[in-house]
Amino acid sequence: MVNISQSKENSYGFKAVIPFLTILFLIIIMVLPYKIPLISDIMPFLTLIGVYYWSVFKPELLPIGVVFILGLLQDVLLGSPLGLMPLLLIVVQQFIYMQGRQFLERDFLFNWFVFVMIVSGFGFLSWGIASIYFKTLLDYWSILGQIFLTIAFYPIITGLLGITRKLVDR
Amino acid sequence: MKRFGQRFTAIFFILASLALLIFGRSQTNLIEQSRAQIFEVFIPAIVIVDIPRTATAGFSQWIRRIAVVFSDNEFLREENADLKRQLIASTELEIDNLRLKNLLLIKDGTVTTITASRIVSDSNSPFFKSMLINSGTNDGVKKGHAVVNEEGVVGRTINVSGNSARVLIINDINSRIPVKFSETGVNVILAGDNSGLQKIEFMPPDEKANVGDQILTSGMGGIFPPDLPVGNVSEITELGEIKIEPAVNLNRLNYVSVIEYEIASFPVLNQADAQAQGELEPEEGGAQW
């Protein structure tokens, strides 16, 4: 069993880095200087969509160590406390594995519905951790905005990730 | 067995993240250096990904400029004439000011503009307000330099690599700037709270603030030179909290200047000593801000 999955992983060749690159690309998209009022407060959690998508559809290409590195990179580029994003993203990935990702591999609307719950948990967890970190109660309205915007962006980003997934499978 | 291994690695990485969160708080030199090295590597990638956005933004700006070129021209002509008049008046005042300062033996600190830089990335987060600029130690930027633009104070550098630096913006929750009320000269602290408005801390209870009061840097702390515009009092809440609207439009920042401020030595009060040290010479090229 182990050997089969191992050989499957090897057969991807350099395409195995596609999930990593797509999530890295989403991180960069998140830190561009948009200079649009409000956008800087309600930037959707694009990397969460990426990690969710690849953890459901191609978990063998997104090992936990890679999620950890991506989270760290996001913390460095955003200027957030080191360790915040790896922690949140790994918790999400483990949650998906615990629920059984085969269960999620089914249909889009169901996936979106589960994602709504995940993003809500993710948003408020990030708010909670940041509040503890700064030892002050941070404003939660913008987190609500981020959560809604992430839910709205989910179909677009997963659509684009679907195209790259076909590249991986080809 | 494999399942157990996966659980174990998951727990290991979760603990590693928690450890980073807890021990990274102290911002040791090593962590700071590694952060700087990493964002330095990614800046070219950010700039490339940003090309379509800058191109479209540039194009729409160009169209907008063309559309208003005539009305702008007329406005600028009038403004130019007005500014010329003001220039004459201010030059006179400057000479006067310098003469009086020399009489009083007041020494200004020196302000050096290190470099002008472009903003390449923004946190875009409700909790963390910082940005990356494309100048670093190679351009002479150091940690703790003030970052300003023509409108006023933007923030200060907190993490510098070879060709880039992270700037903590004045509205970040960790930002504290020594400021004063321009009219009364009361020294207070301007604290960011992640929102669009900043608040005043340590306001003496017997002092009063009014909406519209101008806030300038006080020059204390040695990072920001004195008398840079910071903002205006926009609101005083029922609880007496003083809210400041920043002078800089933080949503429209493209370029900023990094400046270095060196505090002058304390004025010599004893005239004879001063003469002995030859410090009565008028100082040229002092503060530009």
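So, the interface: chain B and chain A bury about 4100 Å² between them, with 68% of it on carbon and sulfur atoms. Buried area here is the accessible area, taken with a 1.4 Å probe, that two parts lose on being put together, summed over both. On the residue side, 44 residues of chain B are in contact with 51 of chain A, where contact means heavy atoms within 4.5 Å.

Quick housekeeping. This is a predicted model, where local features need pLDDT of at least 70 and side-chain atom pairs count only at pLDDT 80 or more, while totals for chains, interfaces and linings use all residues. Residues are numbered from 1 along each chain as its sequence is written, chains are lettered from A and ligands numbered from 1 in the order in which they are written, and side-chain values use heavy atoms, with hydrogens and water left out.

Now, how many salt bridges cross between chain B and chain A? The rule finds one, and the partners are Asp41(A) and Lys129(B), at 2.5 Å from N to O. To count, a side-chain nitrogen of Lys or Arg has to be within 4 Å of a carboxyl oxygen of Asp or Glu. Over all chains, the structure holds ten. Another one pairs Lys58(A) with Asp169(A), at 3.1 Å, N to O. Those two link distant parts of the chain, 111 residues apart: Lys58(A) is in the loop between α3 and α4, and Asp169(A) is in helix α8. Helices, by the way, are DSSP runs of H or I with at least four residues, numbered from the N terminus.

On to helix packing in chain A. Helix α2 (residues 18–30) and helix α3 (residues 46–57) pack at about 165°, with axes 8 Å apart. Axes are lines fitted to C-alpha atoms over the stretch in contact, and angles run from 0 to 180 degrees between N-to-C directions. So α2(A) is roughly antiparallel to α3(A), a label for angles over 145 degrees. Their crossing is right-handed, meaning the near helix is turned clockwise from the far one by less than a right angle. Among the residues that meet there are Ile23(A) and Leu26(A) from α2(A), and Val51(A) and Trp54(A) from α3(A).

The other pair is α5 (residues 84–99) and α7 (residues 108–134) of chain A, at about 150° with axes 11 Å apart. That makes α5(A) roughly antiparallel to α7(A), and this crossing is right-handed. The contact includes Phe95(A) of α5(A) and Phe122(A) of α7(A).

Definitions and conventions
Angles under 35 degrees count as roughly parallel, over 145 as roughly antiparallel, 65 to 115 as roughly perpendicular and the rest as oblique.
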